[in-house]
Amino acid sequence: MHSILESEKPIIELENKIMELKNLAKENNMDLSGEIEILSKKAEEMKQNAYKNLTPWEKVKLARLQERPTSSDYIKKLIGSFIEFHGDRFYGDDSSIVGGIGMLNCPVNDRVCPANSGACSANGRACPANSREGIPITVIGHQKGKDTKENIKRNFGMPHPEGYRKALRLMKQAEKFKRPILTFIDTPGAYCGLGAEERGQGEAIALNLIEMSRLRTPIISIVIGEGGSGGALGIGAGDRICMLENAIYSVISPEGLASILWKDAALAQKAANVMKLTAQDLLSLGIIDNIIKEPPGGAHKDIDFVADNINNYVFNELKELMKSDIEQLLDKRYNKIREIGVWA
């Protein structure tokens, strides 16, 4: 059973009542279709209103749901023939970051390219892949667990320095073979334990920022859940940066901000309301380029719907980015990073 938000409780109660009426009608051979239809319409209306007006704190809780799809879930849906790579060639492997190579599926005709030529016969668009399999791509993402055991293995999606160095190794490999890069951001933040600091956590993230800003291949970054502080930025400097509709992206967690400002982490809800951390806030501030739609209630309600939306967005953006002259691409990326934010 999925975790539920406070705003979902009345909807769940009404849906349970509808189920009771259906069972009652079936057991007693009664016609309750009129009553069921009225309640079903009411439930749908409540869903639309509840999910359309989520508060920032509700979006924080939604972004953190354990049921929310992870990077690996999207990789399975979007990337054919995926091969995962391990290790940073310095210290070891970090399970909180997954990465590898594969083929980005074409979203046309059930994600299979119908044309083995430079033109797509389905809609007349130019095919950037010139292949039935799609676009060769390097994929990197933060990886949380689906339960406590896996979360411990994945360090709750909080990478160590070797995770960021693994990511950079794969990015440099992508640059060498002229593969575009897709990153999935979903972390509370980089791990701040003693071992991570001893092995150069800050330096690893800073180096990734430097290298990503001048990497000679297109980069698309998508915040799929939590985008927390430098831990998110370590794989998040791209030509296109977008967010899922109910994802969050901020310099610090609401609990962290509440602890600093008001000396009380319990005021996290108050902090979330002033942080401008939702996708809608960040789009209006010019920090992200686009919002990818989720189904009502969140990405965990229909992962195929979200995966299709991601696939369409990434495929179409890469089609344009891969046409660009590399020097112009780098200039635009540099200017994009320099111009982030709105100020008076």
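Axes are lines fitted to C-alpha atoms, for helices over the stretch in contact, and angles between their N-to-C directions run from 0 to 180 degrees. All views below show a predicted model.

**View 1. Helices H7 and H9 pack with a crossing of roughly 20°.** H7 spans residues 161-176, and H9 spans residues 201-213. Their axes come within 8 Å. Angles under 35 degrees count as roughly parallel, and H7 and H9 are therefore roughly parallel to each other. The crossing of the two helices is left-handed. H7 contributes Pro161, Tyr164, Arg165, Ala167, Leu168, Met171 and Lys172 to the contact. On the H9 side, the partners are Gln201, Glu203, Ala204, Ile205, Leu207, Asn208, Glu211 and Met212. By class, the residues of this H7 and H9 contact are nine nonpolar, two polar and four charged.

**View 2. Aspartate 239 sits in the loop between helix H10 and strand E6.** H10 covers residues 229-233, and E6 covers 240-244. Buried means under 20% relative accessible area; aspartate 239, at 4%, therefore counts as buried. Its side chain makes a polar contact with the side chain of arginine 333, at 2.8 Å. A polar side-chain atom of aspartate 239 also lies 2.8 Å from the backbone nitrogen of isoleucine 219. Not counting residues up to four places away in sequence, aspartate 239 touches Thr217, Pro218, Ile219, Asp289, Leu321, Leu329, Arg333 and Lys336.

View 3. Leaving aside neighbours within four places in sequence, leucine 39 is in contact with Leu14, Lys17, Ile18 and Leu21. Glycine 102 is 63 residues from leucine 39 in sequence. In space, the two are 47 Å apart, C-alpha to C-alpha.

**View 4. Asparagine 29 has a positive phi in the loop between helices H1 and H2.** The phi of asparagine 29 is about 55°, although this residue is not a glycine. H1 runs over 9-27 and H2 over 33-52. Asparagine 29 is exposed, with a relative accessible area of 72%.

**View 5. Phenylalanine 156 has a positive phi in the loop between helices H6 and H7.** Phi is near 55° for phenylalanine 156, a residue other than glycine. Helix H6 spans 148-153. Phenylalanine 156 is partly exposed, with a relative accessible area of 40%.

Technical notes
Residues numbered from 1 in each chain as written. Predicted model: local features only at pLDDT ≥ 70, side-chain atom pairs only at ≥ 80, totals over all residues. Heavy atoms only, no water. Helix = DSSP H or I, 4+ residues; strand = E, 2+ residues; numbered from the N terminus. Parallel < 35°, antiparallel > 145°, perpendicular 65-115°, else oblique. Left-handed = near helix turned anticlockwise from the far one by under 90°. Contact = heavy atoms within 4.5 Å. Nonpolar A, V, L, I, M, F, W, Y, C, P; charged D, E, K, R; others polar. Buried < 20%, exposed > 50% of the residue type's maximum accessible area, 1.4 Å probe, protein only. Polar contact = N/O pair within 3.5 Å; in protein donor to acceptor, adjacent residues only side chain to side chain.
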